[in-house]
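Me: I am new to this structure and would like to get to know it through a few questions. Could you walk me through it?

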Amino acid sequence: MAPARHLKMFALLTACVFVLAACGDDGDGILGGLVNNEPATCPLTGVEAPDESVLERRVLSVKIENSPEARPQIGLAEADVIYEQEAEGGITRFNVLYHCNDAERIGPIRSARPVDPAILSQYGDPLFVHAGSVDAVIKDVDAAGIEAINCNFEVDTCPRDPNFEAPHDIFTSSDALRDAGKETGAPPEPVFTFEDEVPQAGRRGRELNLYFSGVANVFWRYRANQGGYLRFHDETPHDLEDGEQVTAANVVVMLVERLETRINDSAGNPVPSFEVVGAGDALVFRDGRLFQGRWERDSEEDVTRLVDRQGNEIPLKPGTTWVELFPTDAPQAPVF
């Protein structure tokens with residue numbers, strides 16, 4: 001009798017599958033999960049999502065400083081994508097994007113910069129977290145329709161750590177930020193494309209030097225045994241608070257035009273912005289290989305595409321990507 005019951009159950013399940021198919025399941029519902037059995041991947045990294053529910057949440061964007069006094073930072077290792085751009089006075093600053101992963105501690109958090117709204121407009125409806133800025137930048141963030149948390153006024157969400165000196169003392173967590181957001185926010189669409197297989201084209205690309213200035217001389221060095229690129233300032237490893245060195249699966253260099261803003265910092269240094277809409281030369285480092293091409297973005301509503309000289313998209317390795325916004329008028333061109 002047991003075999004007969006098994007046959008009846010199999011027939012019933014088979015009939016249910018055909019009924020679901022007849023009802024028009026398009027591969028995204030229950031039938032799609034049963035038939036395709038494909039793991040959900042994070043749109044900004046191309047890696048398997050820790051849980052499918054995280055795919056529906058918005059991006060968190062946190063402005064983290066990179067002056068020598070601010071190191072070691074914390075929370076960079078959990079990011080999906082990190083942008084680095086020159087701030088002023090030769091220092092650089094990070095725009096750190098979290099989507100699939102969470103970080104228990106993030107910081108130190110500093111002020112926004114003029115290029116941030118244009119970067120973020122391609123990432124769904126992000127929540128932008130910073131520690132203030134000049135009025136012109138705040139107005140640009142508002143005009144872009146980006147919800148923001150100013151940590152200077154949200155001390156419960158971004159408390160100051162008494163073990164650090166101001167202004168390098170503001171920290172938070174991804175959970176605290178998601179709880180503080182007033183909107184739900186749409187999740188991001190994929191910005192870059194990802195493939196495990198390394199493209200055939202390209203050349204050896206195991207080291208990159210980006211000389212922003214004497215106080216921001218960045219090196220990326222490929223280490224196959226660690227699966228990616230390690231970051232250095234001059235010859236000093238860029239370590240985080242837990243002692244782990246900053247690493248990336250991909251390093252993307254976008255050569256961008258510097259824009260004057262008529263904004264100065266408190267020391268009188270001009271605060272630049274950068275043109276991230278349009279097109280320019282690009283360098284893509286992955287798996288110890290370098291792919292030279294272009295970045296293209298038709299408008300702020302579009303995402304940035306990385307293409308080779310023939311117009312074909314350059315796929316990234318699944319994992320964390322650092323995007324280096326490197327000025328075309330920098331004192332020294334990228335060395336690789």
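Me: Thanks for showing it. In which strand does F274 lie?
Reply: Happy to start there, with the note that this is a predicted model. The strand in question covers residues 270-274. F274 therefore lies in strand β14.

Me: Is F274 buried or exposed?
Reply: The relative accessible area of F274 is 3%. Buried means under 20%, so F274 counts as buried.

Me: Which residues does F274 touch, not counting residues up to four places away in sequence?
Reply: F274 is buried, and several parts of the sequence supply its contacts, including Q85, E86 and V115.

Me: How far apart in space are F274 and T328, C-alpha to C-alpha?
Reply: Along the sequence, F274 and T328 are 54 residues apart. In space, their C-alpha atoms are separated by 9.9 Å.

Me: Let us step back to the whole chain. How many helices and strands are there?
Reply: The chain has 336 residues, and 49% of them count as buried. Its secondary structure is made up of 5 helices and 18 strands.

Me: Among contacts between residues at least 6 apart in sequence, what share joins residues at least 24 apart?
Reply: Here we look at contacts in the chain between residues at least 6 apart in sequence. Those that join residues at least 24 apart come to 62%.

Me: Where is S174, and is S174 buried or exposed?
Reply: S174 belongs to helix α5, which spans residues 174-180. Beyond its neighbours within four places in sequence, S174 is in contact with L60, D102, A103 and I106. Its relative accessibility is 1%, so S174 counts as buried.

Me: D102 came up there. With which residue does D102 form a salt bridge?
Reply: Side chains of opposite charge can pair when their charged atoms come close. For D102, the closest N and O atoms of the pair are 3.2 Å apart. The partner of D102 is R57.

Me: Why does the pair of R57 and D102 tie together parts that are 45 residues apart in sequence?
Reply: R57 sits in the loop between α2 (30-36) and β1 (60-65). D102 sits in the loop between β3 (92-98) and α3 (116-120), so the pair ties together parts that are 45 residues apart in sequence.

Me: How far apart are the closest N and O atoms in the salt bridge of D161 with R105?
Reply: This pair links distant parts of the chain, with D161 in the loop between β5 (147-150) and α5, and R105 in the loop between β3 and α3. D161 is buried at 12%, whereas R105 is partly exposed at 27%. The closest N and O atoms of D161 and R105 are 2.8 Å apart.

Me: Which residues form one network with R231 through salt bridges that share partners?
Reply: R231 in strand β9 and E324 in strand β18 are 93 residues apart, and their side chains meet in a salt bridge at 3.4 Å, N to O. Both E324 and R231 are buried. The residues joined with R231 into one network are E84 and E324.

Me: Which residues gather in a patch of negative charge on the surface?
Reply: One of the members is E301, found in the loop between β16 (289-297) and β17 (305-307). E301 is exposed, with a relative accessible area of 68%. The patch is made of E257, E275, D298, E300, E301 and D302.

Me: Which residue does a cis peptide bond join to R71?
Reply: Most peptide bonds are trans. In this bond, omega is about 5°. The residue joined to R71 is P72.

Me: What is the phi of R262?
Reply: Most residues other than glycine have a negative phi. R262 is in strand β13 (residues 258-264) and counts as exposed at 87% relative accessibility. R262 is not a glycine, yet its phi is positive, at about 65°.

Key
Residues numbered from 1 in each chain as written. Predicted model: local features only at pLDDT ≥ 70, side-chain atom pairs only at ≥ 80, totals over all residues. Heavy atoms only, no water. Helix = DSSP H or I, 4+ residues; strand = E, 2+ residues; numbered from the N terminus. Buried < 20%, exposed > 50% of the residue type's maximum accessible area, 1.4 Å probe, protein only. Contact = heavy atoms within 4.5 Å. Patch = residues over 30% accessible without salt bridge, like charges linked within 9 Å, V, L, I, M, F, W, Y side chains within 5 Å. Areas by Shrake-Rupley, 256 points an atom, 1.4 Å probe, with all protein chains shown as cover. Salt bridge = Lys/Arg side-chain N within 4 Å of Asp/Glu carboxyl O. Lys, Arg positive; Asp, Glu negative; His and termini not counted. Charge placed at Lys NZ, Arg CZ, Asp CG, Glu CD.
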